[in-house]
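Let's take a friendly walk through this structure, beginning with a pair of helices and then turning to the aromatic rings.

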Amino acid sequence: MSINKLHDFSWPTGFLWGSATAAAQIEGAAHLDGKEDSIWDAFARVPNAIAGGDHLEVAVDHYHRYTEDVGIMKNLGLDSYRFSTSWARVVPGGRSVNAKGLDFYSRLVDELLEANILPWLTLYHWDLPQALEERGGWANRDTAYRFVEYAQAVHGALGDRVTHWTTFNEPLCSSLIGYAAGEHAPGRREPRAALAAMHHQHLAHGLATSELRELGVEKIGITLNLTNAVPNDPNDSADLDAARRIDALWNRMYLDPILCGSYPADLLEDVKEYGLAELIKPGDLVAIHQPIDFLGVNHYHDDNVSGHPASAHAAPAVVPTNSPKSSPFVGSEHVSFPARDLPLTAMGWEVNPAGLRTLLNRLKADYSNLPPLYITENGAAYEDTVEADGSVADSERAAYILDHIGAVAEAIEDGVDVRGYFVWSLLDNFEWAWGYAKRFGIVRVDYDTQERTIKDSGLAYAKLIAASRTLA
């Protein structure tokens, strides 16, 4: 969809324009006011785990600068702000509730409401208390029950003002990439533990969803990072099987238990040697299969996949450090990801906006009980150019964002019920294993001074938001 047509597009009534962040990536104050280590604080102390030896101690100091950041959101014209609460701040050490930690989020919510910005709260964006990891982490079934207690604590402080709740953000990353690949915290390379972590996060989602609904939460859902697994050669049986496997591990392993109450049969066969079926206790799938009010869709790129080994001439993958890593794709470790002739972001990710339209239509076609969709993350890392006048030129990011919003508009025209778009990310921040080396923000942060500057991409996004309202 062209930019001119996009600016003239008639968005559904109530369509939300937002941006998103995560507590660990922006807050700083990593050991202030009662907060203790999360798994990411601990992981950052592991030599060569994080690019540049970076850590989360200060991050971009949102803990102290949240009023300024909310002011930026208001200037951009955002309807909603998707943020996460830090489990390690709210229940440090997995022990007792920390009133000072909850007070911070209470002040943030009040500031958002004063600015007429809808708070959209995510309970888990990867920052498990390190003390719980030392008791087995997500591979320990008990962590699911501790999560429900944490959810109750957050609701007790914020439930009177927050209406939209997300249980988990991208459980694929905090299970497979954290427990099988070793690239994300806690840095384990244990395939069976990764599947246990995935299942126990599903269980935690279902139990917390049920509990929060009983407590009167208005809207509750989950956010999944979803992909299109594209066979490199659609006439090659090995490539077709590889695409099926990645679709099972990346998409259906999350969508099916939540929306259908079962794991895909082909997935269970693929991971048979790692014992996923043995981890599923009586009643688990019923507990997981709770009605949800929305599904958050995070999408950055498609995945072109092959069942053949990577070519000897293939460019090496872009990785944050040279620390030992394993495949996150348990039971399908042989799958490779050949490059296509597409532009790449600074993360080495393909740029293909049409893939988002394809994905949204696929969800509508495959799940008859699909709830309303929100694009809860979409964005790109690029190298910014700071001009002499202090402005930040990032034309590639602006084009990426607007082109993907165009794909959302086309999906809406196709009949997909999409009700909002949240750009990732509001601020440059701690980009997990990449530290501060990659920038996703529509607002630049000078990491030396913490000065914030709205980039050209942020200005373009604000212009689109303003145009959408003139047509409402």
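Helix H16 (residues 395-413) packs with helix H17 (residues 456-470) at an angle of about 30°, and their axes are 8 Å apart. Helices here are DSSP runs of H or I with at least four residues, numbered from the N terminus, and axes are lines fitted to C-alpha atoms over the stretch in contact, with angles from 0 to 180 degrees between N-to-C directions. That angle makes H16 roughly parallel to H17, a label for angles under 35 degrees. From H16, Arg397, Ala398, Ile401, Leu402 and Ile405 meet Ser457, Ala460, Tyr461 and Leu464 of H17, where contact means heavy atoms within 4.5 Å.

Keep in mind that this is a predicted model: local features need pLDDT of at least 70, side-chain atom pairs count only at pLDDT 80 or more, and totals for chains, interfaces and linings use all residues. Residues are numbered from 1 along each chain as its sequence is written, and side-chain values use heavy atoms, leaving out hydrogens and water.

Now for the rings: the structure holds 37 aromatic pairs, meaning rings of Phe, Tyr and Trp (its six-membered ring) with centres within 6.5 Å. Tyr81 and Phe83 form a stacked pair, 5.7 Å centre to centre with 20° between the planes; stacked requires planes under 30 degrees apart. Tyr81 counts as buried because its relative accessibility is 1%, and Phe83 is buried too, at 2% (buried means under 20% relative accessible area, with a 1.4 Å probe and protein chains only).

Elsewhere, ring pairs link Trp40, Phe43, Trp126, Phe430, Trp432, Tyr436 and Tyr447 into a cluster.

Technical notes. Phe/Tyr/Trp six-rings, centres within 6.5 Å; stacked < 30°, edge-to-face > 60°. Buried < 20%, exposed > 50% of the residue type's maximum accessible area, 1.4 Å probe, protein only. Helix = DSSP H or I, 4+ residues; strand = E, 2+ residues; numbered from the N terminus. Parallel < 35°, antiparallel > 145°, perpendicular 65-115°, else oblique.
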